[in-house]
Amino acid sequence: MALAERIGASVDAVSAIERGINTPSLATAAALVRELAIDANALFGKTDYRTDIVAQRLVQEAELVLLAETLDADGIKLLVELARVLGVVHTAPPKGDATAVATASKSKS
């Protein structure tokens with residue numbers, strides 16, 4: 001089975017990605033990383049730390065999109081609620097906001 005078929009993309013789309021003509025969508029990038037068992041950086045040809053974080057985030061976002069496609073309406077509601085809770089817990093306070101920093105510190109303890 002051809003790579004394009006295994007990741008649910010057209011041969012032309014994979015060819016354009018390989019030649020650097022197009023950038024893969026989030027879902028296609030996640031499928032390529034998974035199917036080829038490569039690091040996201042290898043897909044994008046990046047090596048610096050900051051780019052590594054961005055590439056990892058793109059793949060994780062794509063995985064969320066793929067997961068969401070498999071959920072029913074109740075599952076989507078739960079996923080959105082979980083994301084909101086995580087956003088509250090893991091969102092950094094604005095720089096220089098002493099009140100927000102103090103509040104965030106208290107909520108973590």
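## Helices and the model

Helices (H or I, at least four residues) are DSSP runs, numbered from the N terminus. Thr 28 sits in helix α3.

This is a predicted model, in which local features need pLDDT of at least 70, side-chain atom pairs count only at pLDDT 80 or more, and totals for chains, interfaces and linings use all residues. Residues are numbered from 1 along each chain as its sequence is written, and side-chain values use heavy atoms, with hydrogens and water left out.

## The nonpolar core

A nonpolar core is a set of buried Ala, Val, Leu, Ile, Met, Phe, Trp, Tyr and Cys residues joined through side-chain atoms within 4.5 Å. Buried means under 20% relative accessible area, exposed over 50%, partly exposed in between (1.4 Å probe, protein chains only).

The largest such core has seven residues: Leu 3, Ala 4, Ile 7, Val 14, Ile 17, Ala 31 and Leu 32. Helices α1 (3-7), α2 (11-18) and α3 (26-36) each give two or more of them. The largest share, three residues, is from α1.

## Two residues and their contacts

Contact means heavy atoms within 4.5 Å. Setting aside residues up to four places away in sequence, Ala 4 touches Ala 9, Ser 10, Val 11 and Val 14.

Is Thr 28 buried or exposed? Thr 28 is buried, because its relative accessible area is 18%. Beyond its neighbours within four places in sequence, Thr 28 is in contact with Ile 7 and Ile 17.

## A partly exposed leucine

Leu 64 belongs to helix α5. Its relative accessible area is 47%, so Leu 64 counts as partly exposed.
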